Amino acid sequence: GEAAIGVGMVSRFNESSVGDLNILAGLVLRAHGDASVAEGLLNRALEIDPASAPVFATYGLLLHQHTRDVKRAETVLRQALEVDPQCSDVLCNLAGVYMDDSCKDYARAEEYFKKALASDPHHVSSLSYYGLLQQEVHHDYTMAERLYNVALYLDPLSVECLSHYASYLGKCQEDLESAERLFRRVLTLDPLHANSYCNYGLVLQAKDGDLEGALESFDRAIEIEPANGASYGFKALL
């Protein structure tokens with residue numbers, strides 16, 4: 001699994017390798033580690049190569065999803081596009097910035113998801129998040145499911161895509177049994193996935209009227225991510 005890969009990566013880590021520094025920073029972020037540690041690794045990488053688009057891509061993701069500095073994330077990712085306009089990671093992460101609730105620039109988000117997939121049709125994150133945009137913004141559930149299925153064919157253990165697909169099953173297909181099973185799988189793979197706890201709470205509430213279980217899930221999401229506004233809102237409605 002990823003933990004084993006991480007251990008192997010650390011044992012072979014070359015502190016002078018931009019690629020190793022970037023990969024290790026990504027592993028720290030995916031393991032919900034200290035964002036400042038990841039930022040330190042990325043800064044070291046940029047000292048070695050100030051024009052590394054993959055490093056800027058990870059930096060933009062850190063700023064957007066972990067430190068919630070959305071404007072700076074946009075600046076960093078746009079800087080990366082000047083270096084490599086075809087980097088799928090950068091294009092996808094910039095699309096994610098425009099899809100953020102603080103921006104809601106869905107037209108630009110779609111533009112950059114399309115560019116990311118034109119550059120790399122197998123880019124799992126782009127497939128997954130573009131599926132979410134189709135689901136939540138365009139309400140094109142057929143397209144959303146198609147994108148999720150392709151992403152999960154390419155990476156059956158993609159936590160983000162599994163979480164998006166579980167949400168799709170619950171909200172769009174009203175298949176609460178399958179949604180519950182899939183959220184349980186996601187939370188086994190990543191016990192610190194705040195958004196999945198939030199959406200799992202909604203499934204528990206809708207499926208069995210399990211208000212106690214829903215409240216526990218919302219509280220867990222907030223404990224993991226104190227800025228998880230959706231969980232506060234759903235909790236208030238119980």
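**Close-up 1. Helices H5 and H6 are roughly antiparallel to each other.** This is a predicted model, where local features need pLDDT of at least 70, side-chain atom pairs count only at pLDDT 80 or more, and totals for chains, interfaces and linings use all residues. Residues are numbered from 1 along each chain as its sequence is written, and side-chain values use heavy atoms, without hydrogens and water. The axes of H5 (residues 70–83) and H6 (residues 88–99) come within 10 Å and cross at roughly 150°. Angles over 145 degrees count as roughly antiparallel. Axes are lines fitted to C-alpha atoms, for helices over the stretch in contact, and angles run from 0 to 180 degrees between N-to-C directions. Helices are DSSP runs (H or I, at least four residues), numbered from the N terminus. H5 passes H6 in a left-handed crossing: the near helix is turned anticlockwise from the far one by less than a right angle. Residues in contact (heavy atoms within 4.5 Å) include Leu-77 and Leu-81 of H5 and Leu-94 and Val-97 of H6. The contact divides into 10 nonpolar, 1 polar and 2 charged residues. Ala, Val, Leu, Ile, Met, Phe, Trp, Tyr, Cys and Pro count as nonpolar, Asp, Glu, Lys and Arg as charged, and the others, Gly among them, as polar.

**Close-up 2. H8 packs with H9.** H8 spans residues 124–138 and H9 spans residues 141–154. Their angle is about 160°, with the axes 8 Å apart. H8 and H9 are therefore roughly antiparallel to each other. Their crossing is left-handed. Among the residues that meet are Leu-127 and Tyr-130 in H8 and Leu-147 and Tyr-148 in H9. The contact has 12 nonpolar, 4 polar and no charged residues.

**Close-up 3. H2 packs with H3.** H2 (residues 18–30) and H3 (residues 35–48) have axes 9 Å apart, at an angle of about 165°. That makes H2 roughly antiparallel to H3. H2 passes H3 in a left-handed crossing. Leu-21 and Val-28 of H2 are among the contact residues, as are Leu-41 and Ile-48 of H3. By class, the contact has 12 nonpolar, 1 polar and 1 charged.

**Close-up 4. H11, H12 and H13 each supply at least two residues of the lining of the second largest pocket.** A pocket is an open set of points on a 1 Å grid over the protein atoms alone, where a 1.4 Å probe fits, with protein on both sides within 12 Å along at least five of seven lines; lining residues have an atom within 4 Å of a point. About 180 Å³ of space lies in this pocket. The largest share of the lining, 5 residues, comes from H13. Lining residues include Arg-184, Tyr-197 and Asp-219.

Key
Grid points are joined across faces, edges and corners, and a volume is the space filled by probe spheres set on the points. Angles under 35 degrees count as roughly parallel, over 145 as roughly antiparallel, 65 to 115 as roughly perpendicular and the rest as oblique.
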